[in-house]
Amino acid sequence: MTKDSKLEVQEKEVMHFSESSIPREDIDYTAVNEEMNIQTVYDETKQKDHQKILSLIQAAEDELADLKLRRVIMEADFEKLLSLFNHHVLNEHKISTLAKQILIEYISYELLRPLSAIDLQKGDSFNRWYTKHFQVIHRLDEQNRLIFEFQLNVLNPSMNAAFIPLLAFDLLSKEVEIFDHHMASLIRLWYEDHILSRNQLALFNHDLNQLLLYAKKLGFTVEQSLLDNAYELIVNFTSQRKVSELIIDRIFIKLMSVKEYDFELVEQQAFEILLDHQQKVKFYLDENQFAQITIDSAQQRRSILDFLTSYPFLVPLLIGSE
Amino acid sequence: MPTSQEQQPSFGEVKASASKNIGQLLQDLQSFEHAIETENVAEIYRIYQGKLHKELKETSNQNHEIDNLLARKLHDALLARFEYLQFVKKISPTLLQYRIGQYYHQRPTIMVDVSVPKIYIEPTVLNEWRNFNETDHSQLKEIEQKINQLDVQNLTLQSEVEELEKKLLPINKQIQQMAQQKTIFNRVKNEEEYLQLLNTKKQLEADIQKLNAQKDDDTTLNRRKEAYQQDYFNIQLHRALITKELRLVQKYATSLDHLEAELMQFITDYLLPREEVQANDKGF
């Protein structure tokens, strides 16, 4: 906060210099003119030039101030970047588009830093990042939260997956929101569209959780999320479509082929899937044949992506029949 | 006549014998009544299956009263001993179906014949349980092979067709050429050779047609493949079912042999003669 006030002082100093020097000459001339009472065209032109010079000085000073701001941004650590963001973006103090872009880019880099392990690189356009596994776009939303959107790399470039917004950093309150509901898009890209592989999603889960872990280290509060590996999963879903007997049959076949798994008929339309480590998936078919599902990872701390990529045969239960 | 007179029993003897028979009959009836009254199962079976007169048997069981009594009695005793058994249905007054626990795609697996009485694993099921080998996937592999064979067979036929079509091409050309060189009298120069070519052409075309007839078109091919895939799935599902059932057998009875032994032991115990029946056993 002290650094902010220092910035204001800098601006004022400059302004003070221009106020004190120029008007003094101005007054001198007016006095002479009034005395002589002769107002020439020349005088008017001169006055216009004077105004022009004033605005040129102002523009140059603004530019200089912005250059200095950019220097401050470049020299800033993460905390300083956040306070600069708070001052210039949230409180709308003067900042050029370029300086703002740079400020946001630097903050983004700090938040994405763990991805350097997978070759994090700045892309061609101002808000795009590349890694070995995916691309990231950063942008501000209407509430000036820093949003990260992810697009996983695909083998077939013609099948480009869309950018999926997953993380929102509130830089003032230092809170991170995770858009869990977009998880379904990732699952569909894998299981239905076959654009992504199971392995890719498992890797992505790892990378994403590195980011969450790092955000916590930076002092952010990360909202509880299904995508976070830090929690035990206890979550309810409704299947996206009807679940046919064929889907249940296939799950039954799979479960019976593994000694550690089991499948229980609880009631006519209610079932229980028993997995390893006491993990359970209960579900029943409602009157519309939609599955009402409860996933319980018992003591296992894992994200929904981790869970589903570990037990891919359960995904049809969430998606339903074609 | 004297000989016949000698063989003919006296009236006294006849009377004594008749009285003795009736007496026995009455006694049997009385002890049957007593056995039913006291619910002495072993005794009921002994009398009912033994000496009770056919007519009496039929009369007493006119509306399956005896069957129902015995069924209910056996059912209660069975469930008291094997808590995991679940009643499925009665398929006749003396034949009851049970299963082990509750499971997906459950089916009756344990049969109870009340009339004998006898308790046994349904023979088809027992056969499936005994012969099941979790690691043996030969049945599934066989279907996979059949699906592959379908493709191979069709591809072979296809290439044979193409081969013949390749042979046909120059022959057609030759025929065309000779036909163009017909003389003014509308006759080809070398009649014999021309006819021979036409003949070969006919033969080749017939062969191609024959091969094409053996070949499946795409829809038939897909239909046949789908049928195999359905078989494949059904076998997988049935294997999963048997696996589940064997897990339940193991869970409740430790092994299939042990289950069979326990069921047999139950009937033996059930038919052990009892001296007198406790008065409190009248809940039925």
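Chain A of this predicted model contains nine helices and 12 strands, where helices (H or I, at least four residues) and strands (E, at least two) are DSSP runs numbered from the N terminus. Residues are numbered from 1 along each chain as its sequence is written, while chains are lettered from A and ligands numbered from 1 in the order in which they are written. Because the model is predicted, local features need pLDDT of at least 70 and side-chain atom pairs count only at pLDDT 80 or more, whereas totals for chains, interfaces and linings use all residues.

Of the 322 residues in chain A, 24% are buried; a residue is buried if 20 or more other C-beta atoms, placed from the backbone, lie within 10 Å of its own. Contacts are assigned where the C-beta atoms of two residues, placed from the backbone, lie within 7 Å. Among contacts in chain A between residues at least 6 apart in sequence, 55% link residues at least 24 apart.

Strand β2 (residues 128-130) of chain A pairs with β3(A) in the antiparallel sense over three bridges, and A:W129 has A:V136 in β3(A) as its bridge partner.

Helix α4 of chain A comprises 16 residues (97-112); at 1.5 Å a residue it should span 22 Å, which agrees with the 22 Å between its end C-alpha atoms. The expected span is 1.5 Å times one less than the number of residues. The buried residues of α4(A) are A:A99, A:L103, A:I104, A:I107, A:S108 and A:L111. Their cover includes α2 (41-75), α3 (78-90) and α6 (198-217) of chain A, together with β3 (134-140), β4 (146-152) and β5 (164-170).

The largest nonpolar core has 61 residues, of which A:L103 and A:I107 touch the most other members; a nonpolar core is a set of buried Ala, Val, Leu, Ile, Met, Phe, Trp, Tyr and Cys residues joined through C-beta atoms within 7 Å. Apart from this core lies another, of 23 residues, including B:I47, B:L85, B:V249 and B:L259.

Notes: A residue is buried if 20 or more other C-beta atoms lie within 10 Å of its own, exposed if 12 or fewer, and partly exposed in between; C-beta atoms are placed from the backbone. Two strands pair if DSSP finds at least two bridges between them.
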